[in-house]
Amino acid sequence: SDNSKKLSTRRFNLPEDCRKCEYLDACQGGCMRDSYIYNGDSNGKFFFCNSWKKTFKYFLHFVNKNEYG
């Protein structure tokens, strides 16, 4: 289906700064639905990008120090 194709190629159609982001493997470009709602484009920048980056940074700090659990 068209939606399956969009989803499978989304990672390559994200904005340049998203494709170079250190957290891309974790977030996968964010929520496709939210990108569409807030930007009108399912390949657009995820609206909550900055808050997700802070969350990943905070979480990874503890994972890397083995201070979770």
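How accessible is Glu16, and does it count as buried, exposed or partly exposed? At 41% relative accessibility, Glu16 counts as partly exposed. (Buried means under 20% relative accessible area, exposed means over 50%, and partly exposed is in between, using a 1.4 Å probe and protein chains only.)

## Before we start

This is a predicted model, where local features need pLDDT of at least 70 and side-chain atom pairs count only at pLDDT 80 or more, while totals for chains, interfaces and linings use all residues. Residues are numbered from 1 along each chain as its sequence is written, and side-chain values use heavy atoms, with hydrogens and water left out.

## The overall picture

The protein chain has five helices and zero strands. (Both are DSSP runs numbered from the N terminus: helices are H or I with at least four residues, strands are E with at least two.) Its C-alpha trace spans about 45 × 20 × 20 Å along the principal axes. Of the chain's 69 residues, 25% count as buried.

## Salt bridges

Side chains of opposite charge can pair when their charged atoms come close. A search of the whole structure turns up four salt bridges, each one a side-chain nitrogen of Lys or Arg within 4 Å of a carboxyl oxygen of Asp or Glu. Glu16 pairs with Arg19, with the closest N and O atoms 2.9 Å apart. Both sit in helix H2 (residues 16–19), three residues apart, or about one turn of the helix. Glu16 also pairs with Lys20, at 3.2 Å between the closest N and O atoms, so these three residues are linked in a network of salt bridges. Lys20 is exposed, at 64% relative accessibility, while Arg19 is partly exposed at 38%.

Then there's Lys45, whose side chain meets that of Asp17 in a salt bridge (2.8 Å, N to O). Lys45 lies in the loop between H4 and H5 and Asp17 in helix H2, so this pair ties together parts that are 28 residues apart in sequence.

## A buried loop residue

Asn43 is in the loop between helix H4 (32–39) and helix H5 (49–64). Asn43 is buried, with a relative accessible area of 17%. Leaving out residues up to four places away in sequence, Asn43 touches Arg10, Asn13, Leu14 and Pro15. (Contact means heavy atoms within 4.5 Å.)

## What about the cysteines?

There are zero disulfides here, a disulfide being a pair of cysteine sulfur atoms within 2.5 Å. Cys18 is buried, at 10% relative accessible area.
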